[in-house]
Amino acid sequence: MSFDWKKESKEKYFRVAEEKIEEAGYGDFLQIDRSKFSVVAGKIVKVYVNQIQRGGNQRRWWAALREIAGFKEVPAPKNAYGKRQKTFFMQGYFEIEMEEQDR
């Protein structure tokens, strides 16, 4: 059975991510982007956060990546020479295990 992609089905995963953010104390820093949502291999849900400007926020960003379980950073794009580019914004996502009834 595949994910049904209804707003109500996605909302519970948004709430789980928001609870993790509030629990870690980053509610004023990280905000959930409700326009981005993905399912990986029918087992994992990715819930994205809004982009954060790099200037002046890197220390807090790295602390959030260390402290919040399941929070990961979207890798930076590579240039023509294969090196990672430094972007103006940082973006991350939560990997949440999909519930059995949603599979």
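**Figure 1. Overall fold of the predicted model.** Among contacts (heavy atoms within 4.5 Å) between residues at least 6 apart in sequence, 60% join residues at least 24 apart. This is a predicted model: local features need pLDDT of at least 70, side-chain atom pairs count only at pLDDT 80 or more, and totals for chains, interfaces and linings use all residues. Residues are numbered from 1 along each chain as its sequence is written, and side-chain values use heavy atoms, with hydrogens and water left out. The protein has 2 helices and 6 strands. Helices (H or I, at least four residues) and strands (E, at least two) are DSSP runs, numbered from the N terminus. Their order from the N terminus is α-β-β-β-α-β-β-β. The C-alpha trace spans about 40 × 35 × 20 Å along its principal axes. Of the 103 residues, 34% count as buried. Buried means under 20% relative accessible area, exposed over 50%, and partly exposed in between (1.4 Å probe, protein chains only).

Figure 2. H1 covers residues 7-24, 18 residues in total. From first C-alpha to last it reaches 26 Å, close to the 26 Å expected at 1.5 Å a residue. That expected span is 1.5 Å times one less than the number of residues. Ser-9, Tyr-13, Phe-14, Ala-17 and Ile-21 of H1 are buried. They lie on the same side of H1, because they cover an arc of only 135° around the axis. The arc is taken from the directions from the helix axis to the C-beta atoms. The buried residues pack against strands S1 (32-40), S2 (44-49) and S6 (92-97). Glu-8, Glu-19, Glu-22 and Glu-23 are exposed on the other side of H1. Just after the helix, Gly-25 takes a positive phi of about 90°.

**Figure 3. Salt bridge between Glu-18 and Arg-34**. A search of the whole structure finds 4 salt bridges, each a side-chain nitrogen of Lys or Arg within 4 Å of a carboxyl oxygen of Asp or Glu. The side chains of Glu-18 and Arg-34 meet at 2.5 Å, N to O. Glu-18 lies in H1 and Arg-34 in S1, so the pair ties together parts 16 residues apart in sequence. Glu-18 is partly exposed, at 29% relative accessible area. Arg-34 is also partly exposed, at 39%.

**Figure 4. Salt bridge between Arg-60 and Asp-28**. The closest N and O atoms are 2.9 Å apart. Arg-60 sits in helix H2 and Asp-28 in the loop between H1 and S1, 32 residues apart. Arg-60 is partly exposed, with 31% relative accessibility. Asp-28, at 60%, counts as exposed.

Figure 5. Lys-72 belongs to strand S4 (residues 71-73) and Glu-95 to S6, so the bridge ties together parts 23 residues apart in sequence. Lys-72 is partly exposed at 37% relative accessibility, and Glu-95 is partly exposed at 25%.

**Figure 6. Arg-54, buried without a salt bridge**. Arg-54 is found in the loop between strand S3 (52-53) and helix H2 (58-67). The nearest side chain of opposite charge, Glu-73, is 4.9 Å away. Here Lys and Arg count as positive and Asp and Glu as negative; His and the chain ends are not counted. The Arg-54 side chain reaches the backbone oxygen of Thr-87 at 2.8 Å. Leaving out residues up to four places away in sequence, Arg-54 touches Lys-86, Thr-87, Phe-88, Phe-89 and Met-90.

Note on methods: A polar contact is a pair of N or O atoms within 3.5 Å; within protein, one must be able to donate a hydrogen and the other to accept it, and residues adjacent in sequence count only if both atoms are side-chain atoms.
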